[in-house]
Amino acid sequence: MADFFLHTIVGLIILTFLKALALIVPLLILVAYLTYAERKVLAAVQLRKGPNVVGWFGLLQPFADALKMIFKETIIPAGANRVLFVLAPMITFGLAILAWAVIPVNDGWGIADINVGILYLFAISSLGVYGIIIAGWASNSKYAFLGALRSAAQMVSYEVSMGFVMVSVLLCVGSLNLNDIVLAQKNIWFFIPLFPMFIVFFISTLAETNRSPFDLPEGESEIVAGFFVEYSAMAFALFYLGEYANMVLMSALTTILFLGGWLGPFGWTWLPGPIWFILKIFFCLFVFLWVRATFPRYRYDQLMRLGWKVFLPASLGWLVLTAGVLLATGWVPHVSS
Amino acid sequence: MIATIGFYVFAVILLASATMVVTARNPVHSVLFLILAFFNAAALFLIAGAEFLAMILVIVYVGAVAVLFLFVVMMLDVNFAELREGIQRYAPVGLVVGLILLFELGLVLTGWHFAPSAAEIRMSPTPTALSNTAALGNVLYTRYIFLFQLAGLILLVAMIGAIVLTLRERGTARRQRIGRQNARQPEETLAMLNVAVGAGIDEIGILRPLPGPAPAGAESHALPHAAEPH
């Protein structure tokens, strides 16, 4: 049986399919409950109760919302570019799921263990902007277009500093493989020596996922709902879920790069690796929600200033510093594989 | 077997989408087809075993260059029917340029001699012990370091040039100086006054001078602490 799965093409395809399923189903459930968690956390911050009617403690709320979305009518505006209009939410959601192919949940548990895993993730996350631009353009609406333009500029800006932060992490690892990145943190998680970069990275992920306080692409008080103003029903739901799936993805990336992936703190192993990994993702997600509940939205010029004039020089400077320290102390990792 | 099928699939899509880039009526569709072409080129790199180049192609071209391209094309308001009318007129010129280019390429290729060891290197482009990223880095940052730096300098010059060309001081922009805002003390902007009942503050004469020809009615009642525009 094991032979069939590991050594024949059909078996390998079935095996990969099952692996992907085993990852995607929990991921989608997590995304569904993240919407619930967001409403509960916001409610707690604002001294409300949040959803508590559908199911015990409102636990069935995400499914009620999903049903509502499914039974709504999909409206395509008259002047819209039909193909691109429908394609855009699919791109957004598909990319958010696609990136999970390389995330290692435990030692060697990634579906694809590729040598350039971190570059793959960076590539996929930099593609996320297309869903938004295409949606904004295809809607043929000025508000949607304004949202799309904002988003394009914002995501391209913050990607730059994110890239430099990743490079300083990679300098300490000596490999682009996500598995190696986590294993390199056996002694110390990278958020301790690279703490400023951890902060820069986290804030950049907020901007990259268009989350508050950088949610200008959808700034509802200025441009109605930004790039998805014309969307309804399942197309809207896909954008909505795509945003949350991206949050989960970015939390996973933060966990892998800075919080030691599946490794327990202080070398603890009394919980299995995947549990640690999920707990760390939950922590990052909670901070996402906490930030949303706490901070007002940035003004656009301040957003650009922060990206280009603060984060870019800071991450570049820190990169040089990291390289210098590694060289001076002889801690440069040996590149073998 | 699978690699061969993959190669043909990606190569066909690459060529088809490259053709569509030129022939598509809508420029936005052209850019989207260009992106599709980039993707398929990346897939071909992957099949050839150059995973680093594949990822960099996607990150740089699709993730950054094409986004800005799309950005610009969407903002343009060009009448493409009008643009197309010129095709008849410019086609001969284009044809001549194309033919000259083809002729030159032919000259170069016929006079090209491969190094004796080239075929061997082509068969195994990466050293077996190293991953392709590490191998690339080893060559790029040692043997070709000066060329690498030169390429960087050229890009820097291009960047500075673009900034110089587009930066102009119009004098109308109101800049936010965050450092100055943070350093500001209450005493500089805030005055506590005991105003007699019914006197108002107009009589005391502490109103700030208005910035330029602003509408008088709207701002003349602003209190001193609201002086600095944010």
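**Close-up views of a predicted two-chain model**

**View 1. The loop around N210(A) in the predicted model.** N210(A) lies in the loop that runs between helix 8 (195–208) and helix 9 (220–223) of chain A, and the model in which it is seen is a predicted one. Although N210(A) is not a glycine, its phi is positive, at about 60°. Most residues other than glycine have a negative phi. With a relative accessible area of 4%, N210(A) falls under the 20% cut-off and therefore counts as buried.

**View 2. The loop around L47(A).** L47(A) is placed in the loop between helix 2 (9–45) and helix 3 (61–71) of chain A, and this residue, which is not a glycine either, has a positive phi of about 55°. L47(A) has a relative accessible area of 77%, which is over the 50% cut-off, so this residue counts as exposed.

**View 3. The largest nonpolar core and the surroundings of I118(A).** The largest nonpolar core is made up of 111 residues, and those with the most contacts inside it are W100(A), I118(A), Y130(A), I181(A), L257(A) and F258(A). Helix 5 of chain A, covering residues 117–138, gives the most to this core, contributing 16 residues. When neighbours within four places in sequence are left aside, the residues in contact with I118(A) are M166(A), L170(A), L176(A), L178(A), I181(A), L253(A) and L257(A).

**View 4. Helix 6 of chain A and the residue that follows.** Helix 6 of chain A covers residues 142–173, and its 32 residues, at 1.5 Å a residue, should span 46 Å, which agrees with the 46 Å that separate its end C-alpha atoms. Because 23 of these 32 residues are buried, helix 6 of chain A is largely enclosed by the rest of the structure. After helix 6 of chain A comes G174(A), with a positive phi near 85°.

**View 5. The second largest pocket.** About 1100 Å³ of space lies in the second largest pocket, whose lining consists of 40 residues, with L98(A), L127(A), I35(B), L36(B) and F39(B) lying nearest its centre. At least two lining residues each come from helix 4 (82–98) and helix 5 of chain A and from helix 1 (2–23), helix 2 (27–47) and helix 3 (51–75) of chain B, and helix 2 of chain B gives the most, with 11 residues. Sorted by class, the lining of this pocket holds 33 nonpolar, 6 polar and 1 charged residues.

**View 6. Chain B.** The secondary structure of chain B comprises 11 helices and 0 strands, and 17% of its 230 residues count as buried. Among contacts in chain B between residues at least 6 apart in sequence, 51% join residues that are at least 24 apart.

Terms used:
Residues are numbered from 1 along each chain as its sequence is written. Chains are lettered from A and ligands numbered from 1 in the order in which they are written. This is a predicted model: local features need pLDDT of at least 70, side-chain atom pairs count only at pLDDT 80 or more; totals for chains, interfaces and linings use all residues. Side-chain values use heavy atoms; hydrogens and water are left out. A nonpolar core is a set of buried Ala, Val, Leu, Ile, Met, Phe, Trp, Tyr and Cys residues joined through side-chain atoms within 4.5 Å. Buried means under 20% relative accessible area, exposed over 50%, partly exposed in between (1.4 Å probe, protein chains only). Helices (H or I, at least four residues) and strands (E, at least two) are DSSP runs, numbered from the N terminus. Contact means heavy atoms within 4.5 Å. On a 1 Å grid over the protein atoms alone, a cavity is a set of points where a 1.4 Å probe fits but cannot get out, and a pocket is an open set with protein on both sides within 12 Å along at least five of seven lines; lining residues have an atom within 4 Å of a point. Grid points are joined across faces, edges and corners, and a volume is the space filled by probe spheres set on the points. Ala, Val, Leu, Ile, Met, Phe, Trp, Tyr, Cys and Pro count as nonpolar, Asp, Glu, Lys and Arg as charged, and the others, Gly among them, as polar. The expected span of a helix is 1.5 Å times one less than its number of residues.
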